[in-house]
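Here's a friendly walk through one protein model, taken piece by piece. Have the picture open while you read.

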Amino acid sequence: MNVLRSDATIPCPVCGADGDSAELVIQTAAHMFPDTGERFSFTRCSQCGLTYLNPAVPPEHLGQYYPDYYLPYRGPGAWGRYEGIAARGQGITDRRRVRRVRRALSRAITGGRNTAAGRVLDVGCGHPTFLRQLVDRVPGVHATGIDFVDSGWRDTPERWHGLSLIQTDPVDFVTDHQYDLITMWHYLEHDYHPVDTLRRMREIAHEDTRLLVEVPDLNGLSRRLFGAAWEGWHAPRHTAVYSGSTLAATLERAGWQVVKRTTRGTLDTYALWWMSRMEQIGIDWTASMEQRFLPFMAGRIVTAPLFLLEGIVPLGVQLVEARPHTR
Ligand SMILES: [Zn+2]
């Protein structure tokens, strides 16, 4: 048992409604973590309908759920001799992100008429491989990444030459600039104060700025299939799991309006399904993934027809583009 965690409910992180009146959606064990018997509850807010972790783990105690063996921290090296192939997977995700960003930048700067470079801010940049690709592929772009911790870039400064990387809470981010494009790739679902963060982003935006937010989709097929094992919960690291409508309402509250939404994101949704399946069968997340690589690839081939439907059938992620509210 984790004695540090309070069992009292917490208010909704978006609208502030009382947490006692929220309805239980699901209880889960910690994901990508040994099962210690600890359970986490996601509840639906009685006022705004947001599904959120209730109670959440206080941020200062969250570090225990990010051990050294945490799979995303191990990177492609977790796959042993298949490391090279695994590394190409991240490269594919980053290139998809760069393509989305190019189009959205064009809309922010030239009304979609021309390709354009501009000022891009990535919130929760972690290991900033996406910004690296962006700067290498879009000449003249100014790229800034912010994160709560600098562990994603601190030890390899030579890899990140030309990027501006700043350790800060997004709410406290100080800048003299207005950004043309702001990206949040699987950041918002971790945020304890999403409306405050989005309001701060509105303050550093101009009237044509575009905001790209990618998060898991509560109403995707993978959540319905995998239930408590669905990796989109990622308990207790995800503070909220958004549907299309609660994501739009959260953005609205902070001064943004959704202009596009798609369930074809940049994340590898097959990998999300695979991780959910591994939760279901209870694998040892501390072990090497090398022996799982060939079954992983075989599963990808067998299920390929389903994943071709991504964007038509909601599989598990959503990507929205928002712009500041017109007054
Ligand atoms: Zn609420």
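How many bridges join β10 to strand β11? Six, and the two strands run antiparallel. Strand β11 covers residues 317-324, and arginine 261 stands opposite valine 320 in β11.

A quick word on what you're looking at: this is a predicted model, where local features need pLDDT of at least 70 and side-chain atom pairs count only at pLDDT 80 or more, while totals for chains, interfaces and linings use all residues. Residues are numbered from 1 along each chain as its sequence is written, and side-chain values use heavy atoms, leaving out hydrogens and water.

**The sheet**

β10 and β11 belong to an open sheet of seven strands, in the order β6-β5-β4-β7-β8-β11-β10, with mixed pairing. Two strands count as paired if DSSP finds at least two bridges between them. Strands and helices here are DSSP runs numbered from the N terminus (E, at least two residues, for strands; H or I, at least four, for helices). At the edges sit β6 (164-167) and β10 (256-262), each pairing on one side only. From one strand to the next, the twist averages 20°.

Helix α3 packs on this sheet, where it touches β4 (119-123), β5 (142-147), β6 and β7 (179-185). The direction of α3 makes about 175° with that of β5. Contact means heavy atoms within 4.5 Å. Angles run from 0 to 180 degrees between N-to-C directions, and axes are lines fitted to C-alpha atoms, for helices over the stretch in contact.

| Helix pair | Axis distance | Angle |
|---|---|---|
| α2 (residues 83-110) and α3 (residues 129-137) | within 9 Å | roughly 55° |
| α4 (residues 194-203) and α6 (residues 244-253) | 8 Å | about 55° |

Why is α2 called oblique to α3? Their axes cross at roughly 55°, and oblique is the label for what remains once angles under 35 degrees (roughly parallel), over 145 (roughly antiparallel) and 65 to 115 (roughly perpendicular) are set aside. The α4 and α6 pair is oblique too.

By class, the contact has four nonpolar, four polar and five charged residues. Ala, Val, Leu, Ile, Met, Phe, Trp, Tyr, Cys and Pro count as nonpolar, Asp, Glu, Lys and Arg as charged, and the others, Gly among them, as polar.

α4 and α6 also cross in a right-handed way. Pro194, Val195, Leu198 and Arg199 in α4 meet Thr250, Leu251 and Arg253 in α6.

**Some single residues**

Among the residues arginine 200 touches are Phe173 and Val174.

The loop between α5 (221-226) and β9 (240-241) holds proline 236, joined to alanine 235 by a cis peptide bond with omega about -5°. Histidine 234 lies in that loop and has a positive phi of about 45° although it is not a glycine. Histidine 234 is buried at 7% relative accessibility.

How values were computed: A crossing is left-handed if the near helix is turned anticlockwise from the far one by less than a right angle, and right-handed if clockwise. Buried means under 20% relative accessible area, exposed over 50%, partly exposed in between (1.4 Å probe, protein chains only). Lists of a residue's contacts leave out its neighbours within four places in sequence.
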